[in-house]
Each structure stands twice: as structure tokens, then as C-alpha cells.
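Subject: Structure handover

Hello,

I am passing a structure on to you, with notes on what was found in it. Please read the notes with the structure open.

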Amino acid sequence: MAKVIFYKRYLYIVDRLKSVPSNFQDLHKLVMTKLENEDLSANFEFSARTFDRDKKDILDLFGILIQYNRKDKVYYIDEDVEDPSVSRMMEAFSIHQALKEGNKIAPSIYLENRKSSGTHLINGILHAIQNNLQITFTHTKFWEMEISKRTVKPIAIKESQHRWYLIAEDNRDDRVKNFGFDRISDLKILDDKFKPIVFNVEKDYQHAFGIETYEPAQKVILEFSWQQGNYIKSFPLHASQKIISDTDDALKIELYIHPTTDIVMELMKYGSEVKILEPKSLQKKIKDRIVEMTQLYQ
């Protein structure tokens, strides 16, 4: 229970200081109230000395520096959380707290009614990765409805567009591939160990839009209507996104990605709000899709 108090306290402090600079008295009141509401405050006192330790622990654990403004006499956090895992954890914690504190009879937050993406597999696969243990599973290839038994050497877990993927070396041909969690069943962790595989997931997938990399990465230039451009600026399509021009009529951006089916499907949803300027090969893919769609309704 003590560890639960520690981590909840850290998250309460960070969640508060990222949005509202506060003095210690306000932090003390917030933390103790939160813990009391969860029946975690018994035999615990949040002192100034405790807060000093918490600041150090928060920096060590999350890489988040809590600073002090001497003029206003408040503590604050003025930087974005760069570690995706920490950022996601903070996001989940904030949503969890909002849901807990909201009116349960008439909720104000409505979550997507989305099927589980296979996250129940994470613990088992992570154990296999950390201990260099081979795993076996049944894999269903949706596009061709091909069902096969696979034995692989797991390397990493990757998320892409609300889906989770296993990155692993397939024993069939010793090639590194990705397997969607939602297509994996009958997972078993074997006793067979393997030597660590040198594979830089971040580097190999840095230009991927989604999870596919079968096309060579190249420059892609897109032109959006000014209305849609506002959304693209606030929520970039890819980490490589650069603005070429931004006028009252249109937004022109540049990406450096693998022009695979993933980006084709993404661009199709914008309809006439986007025009592919480069490369011509991607233009052709979009045109071919439009022709196929038109033929469906003739």
C-alpha cells in the first residue's frame, strides 16, 4: 500500500503543477484531500521534507523537473513530457481521475466504444522479450484470411494508430516482421532461449506512417484546404511534418515517409480537402482508388 501512496502522490503533484503553479500549502491541501478520498491518508503526513524527496523521485523516475518561482513563491513545471510512456501514463491518470470525480449518474466524459486491441498480451510478451524467450502463437492474416502457426523471437512491442504490434524475428525465414496483437491467439511462451537480436525499432520505423515500411521512404508534399489545414497544424500527420506555406487559401506541408497503403487510406478520408502534389506515384495510387470507388456505384 505504501508504494501505491508514493506513486499516486507523484502523479497528483505532476498533474497539478503542469496546469496550475502552486505553493506548498496548496499542494499539501490537494494531495491530502485526494488521498483522504481514496482512504489512503491514514498514518501519513505530506510534509515539506516529503515534498523535497518527491521532487527528486519525480525527476529520477519521470525526468520531470519541478522548479520554484521565487518571485511568485510557487512551484511549477514548464516543460512537455518527452518520454512517450510517461506522457501516456499521465494522460491515462488524468482521464481516470476525471472519470472518478465526475457524476456517475450523468457522466460528462464519453469514451469510444472500441474493442480491446489485444493489450492483455502485453505482460506475457514483455516477459518473453526481457528474458529472451521464444514464443509461439496462431496468426490470422486478415487480408488473405490465412491462418498459420508462428514461432518467433520477440524483439519489441510497438503501438500504431490505436493498435499494438509485436516486432519479432520469424523462425520461418529469420526475417524481422510485425504481428498485430488483434491477430494473435493461443500465445505460449516457450522455454527456448535466444541470443539478443540487434534491431533498432525506432530507426527502422521512424519514417513509417502506421506500421508498413515496404516502400522506400521519400518526400511527400500535400496541399490541404485552409479549413482542414487548421486540423493538420494542430494534430500533425507525422513527426516529419513541415509547413511549406500557410495562406488564407491552403496549407502546404511536406512529409518524409514510406508511401504505403497506410498513408493512402489516411489521405482518402480527407476527400477533396487534400491534393497530393508529390510524388506522382502516390497521386496514381489515389486516382486508382477513386476510379475503383466510382465503379462500385455505376
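Asp182 counts as partly exposed because its relative accessibility is 30%; partly exposed is the range between buried, under 20% relative accessible area, and exposed, over 50% (1.4 Å probe, protein chains only). This is a predicted model, in which local features need pLDDT of at least 70 and side-chain atom pairs count only at pLDDT 80 or more, while totals for chains, interfaces and linings use all residues. Residues are numbered from 1 along each chain as its sequence is written, and side-chain values use heavy atoms, with hydrogens and water left out.

Salt bridges

Asp182 meets Arg183 in a salt bridge through their side chains (3.5 Å, N to O); the term stands for a side-chain nitrogen of Lys or Arg within 4 Å of a carboxyl oxygen of Asp or Glu. Arg183 is partly exposed because its relative accessibility is 23%. By this rule there are 14 salt bridges. Another joins Asp173 to Lys177, with the closest N and O atoms 3.0 Å apart. Asp173 is partly exposed, at 33% relative accessibility. Asp173 and Lys177 are also part of a network of salt bridges that links them with Arg150, Asp170 and Arg175.

Asp60 and Lys56 form a salt bridge as well, their closest N and O atoms being 3.0 Å apart. Both residues lie in helix 3 (residues 48-62), four residues apart, about one turn of the helix; helices (H or I, at least four residues) and strands (E, at least two) are DSSP runs, numbered from the N terminus. An α-helix has 3.6 residues a turn, so residues three or four places apart point the same way. Asp60 and Lys56 are both exposed.

His139

His139 is in strand 3 (residues 133-141). His139 counts as buried because its relative accessible area is 7%. Leaving out residues up to four places away in sequence, His139 touches Glu146, Ile147, Ser148, Arg150, Phe179 and Arg183, where contact means heavy atoms within 4.5 Å.

Helix 8

Which residues of helix 8 (residues 261-268) are buried? They are Asp262, Ile263, Val264, Glu266 and Leu267. The cover over the buried residues of helix 8 includes strand 8 (218-225), strand 10 (250-257), strand 11 (274-278) and helix 9 (280-296).

Regards
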